[in-house]
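Notebook open, structure loaded. I went through the side chains and jotted down what I looked up.

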Amino acid sequence: MGNVIVIAVLLVIAFFAVKSTMKHFKGEGGCCGGGCSECGNAKMKHKKLEGDKIAEKVIRIEGMHCEHCKHAVEEEINKIDGASAKVNLRKNLAVVSMDRRIADDELYAAVARAGFQVVE
């Protein structure tokens, strides 16, 4: 009887471990300090540009794993006047809309401040 209880407990632990791992690989876990109020199921407000969009830049980013990572990159890029970012976590890229000229170095520095690296 004792063996059955031990096996049952181990099966429950294994189930929750696999479930957590699957969430992580789907980008839904809080692997990088998640738990921010904008992450997870809550939608982050998209920054609106002040003027008309004159350009769009796609930035490939290395190291993002979860919604927290995505939020951190969007937040840093959105701090730049004239830039609005949407990050695609599955494709590891950010699409930045701009209403004025912004140097690539400034965008790359924002990604670095978020803790990630631009892939050129």
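Predicted model: local features only at pLDDT ≥ 70, side-chain atom pairs only at ≥ 80, totals over all residues.

I started with the charged side chains and found E50, D99 and R100 linked in a network of salt bridges. For a salt bridge I want a side-chain nitrogen of Lys or Arg within 4 Å of a carboxyl oxygen of Asp or Glu. Numbering runs from 1 along each chain as its sequence is written, and side-chain values use heavy atoms, with hydrogens and water left out.

Next I took the network apart. E50 and R100 meet at 3.8 Å, N to O. E50 sits in the loop between α1 (2–25) and β1 (55–62) and R100 in the loop between β3 (93–98) and α3 (104–113), so this bridge ties together parts 50 residues apart in sequence. I take helices (H or I, at least four residues) and strands (E, at least two) as DSSP runs, numbered from the N terminus. The other link, D99 to R100, comes in at 3.0 Å, N to O.

Buried or exposed, I asked of D99? I call a residue buried under 20% relative accessible area, exposed over 50% and partly exposed in between (1.4 Å probe, protein chains only). D99 has 13%, so I logged it as buried. R100 is partly exposed at 34%, and E50 is exposed at 73%.

How many salt bridges does the structure hold? I get six. One of them pairs K53 with E56, their closest N and O atoms being 3.0 Å apart.

Then I moved to N78, which is in helix α2 (residues 67–78). N78 is buried, with 13% relative accessible area. A polar atom of its side chain lies 2.8 Å from the backbone nitrogen of A85.

Last, the rings. I pair Phe, Tyr and Trp rings (the six-membered one for Trp) if their centres lie within 6.5 Å, calling planes under 30 degrees apart stacked, over 60 edge-to-face and the rest tilted. That gave me one aromatic pair. The ring centres of F15 and F16 are 5.2 Å apart and the planes are at 75°, so I wrote the pair down as edge-to-face. F16 is partly exposed, at 48% relative accessibility.

Terms used
Polar contact = N/O pair within 3.5 Å; in protein donor to acceptor, adjacent residues only side chain to side chain.
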